[in-house]
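Colleague: Could you walk me through this structure before I start on my own notes? I would like to take the topics one by one.

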Amino acid sequence: MSKNVTGTAFVVAEFRAEENEETPPLYTDNLVKIWLNEETRKIANEIAHNSPAAKEMIKLRTKYFDDVLSNQILAGCKQVVILGSGLDTRAARMNGEGVNYWEIDDRTTLQLKESTLKANKVRANVRYIPGDYVQDGLIALLRQSEFDFEQPTYFLWEGNTTLLAKKDVIFVLEQIRDNVTSFKLSFDYMSEQVIARTTGYQDINDYIDKYESMYTPWITGFENIETLAKDLNLKTIDNFSTAELHQQYRPQRSLEFNLLKFYFVCTLEGIEA
Ligand SMILES: C[S@@+](CC[C@H](N)C(=O)[O-])C[C@H]1O[C@@H](n2cnc3c(N)ncnc32)[C@H](O)[C@@H]1O
């Protein structure tokens, strides 16, 4: 994991926080501001200036994942695992009765997270697992930490797949499928056309060039998530482009960015044997 990738969590947090100023906001995340400062604002502003779609992508996906998680909790799910959790605040914001969270990220990020939450007297029912869910293995990490593989579990994997090698994304999906009895899993992903620069939209190619020159490269996309799910013996519950989310959540606003047509969120489910 590079330091750069860890840095992305702060930019995401800045963009996520901005939605609080909307009337009405798509979601409310009043906690996220505890990690933000002049420096994070400056970097986020630079990225937003060059890559304005990024903000909207993050806000739309936050609303979608909040809704899926909240429905999971309402349906009685008591275990939530957040992979590459960065500065995700859901363990504190969405804390139903008896719901336990596990968060995996690198040690520095999780230490900063834990100490800032503590300093702000924010309580969250969460176990932090420092580590690399690819190198160390997600299952080995969960085994260290009172996770019950037999309990229905919701996995949230936000803002990660584009940054990983495809084989590592598949490895994570297989690890969950082969070890957790009953689960649902949500993640976001880019269309492979974006990575291959074959969308036919020059503005998208320019966007990635700028984003990558300032930040971290996007290396993996998927063309057809339903085929991938089928090949892995998983069931697709949802698969929406963020352009569709935009139409649903902000029907009064026109679509400004073509990239939203190629950036997706999905929820998959394990098929019980
Ligand atoms: C773009 S940030 C997204 C953070 C958060 N999920 C969100 O959407 O706000 C990506 C996060 O994933 C973490 N990450 C990426 N690859 C990882 C891996 N293999 N193991 C553990 N954490 C990882 C990074 O350290 C970083 O905090």
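Modeller: What follows is a short talk through the ligand shell, some helix contacts and a few backbone details.

Colleague: What kind of model is this, and how are the residues numbered?

Modeller: This is a predicted model, in which local features need pLDDT of at least 70 and side-chain atom pairs count only at pLDDT 80 or more, while totals for chains, interfaces and linings use all residues. Residues are numbered from 1 along each chain as its sequence is written.

Colleague: Which residues come nearest to the ligand?

Modeller: Of the 22 residues around the ligand, the nearest are Thr8, Gly84, Gly86, Glu158 and Gly159, where a residue is near a molecule if its C-beta atom, placed from the backbone, lies within 6 Å of it.

Colleague: And which element gives the most to that shell?

Modeller: That is α1, with five residues, and at least two residues each are supplied by α1 (3–18), β2 (100–105) and α6 (133–143). Helices (H or I, at least four residues) and strands (E, at least two) are DSSP runs, numbered from the N terminus.

Colleague: Since α6 came up, at what angle do α6 and α7 cross?

Modeller: The axes of α6 and α7 (residues 166–179) cross at roughly 15° and come within 9 Å; axes are lines fitted to C-alpha atoms, for helices over the stretch in contact, and angles run from 0 to 180 degrees between N-to-C directions. α6 is therefore roughly parallel to α7, given that angles under 35 degrees count as roughly parallel, over 145 as roughly antiparallel, 65 to 115 as roughly perpendicular and the rest as oblique.

Colleague: Which residues of α6 meet α7?

Modeller: Tyr133, Val134, Gly137, Leu138 and Ile139 of α6 meet Asp168, Phe171, Val172, Gln175 and Asn179 of α7, and two residues are in contact if their C-beta atoms, placed from the backbone, lie within 7 Å.

Colleague: Changing topic, how do α3 and α11 pack?

Modeller: Helix α3 (residues 53–74) packs against α11 (residues 242–249) at an angle of about 75°, with the axes 10 Å apart. That angle is why α3 counts as roughly perpendicular to α11. Among the residues that meet there are Met57 and Leu60 in α3 and Leu245 and Tyr249 in α11.

Colleague: What about the backbone, where is the cis peptide bond?

Modeller: A cis peptide bond joins Thr23 and Pro24, with omega about -10°, and Pro24 is in the loop between α1 and α2 (38–50).

Colleague: And what is phi of Glu146?

Modeller: Phi of Glu146 is near 50°, which is a positive value in a residue other than glycine, and Glu146 sits in the loop between α6 and β4 (153–157).

Definitions and conventions. The expected span of a helix is 1.5 Å times one less than its number of residues.
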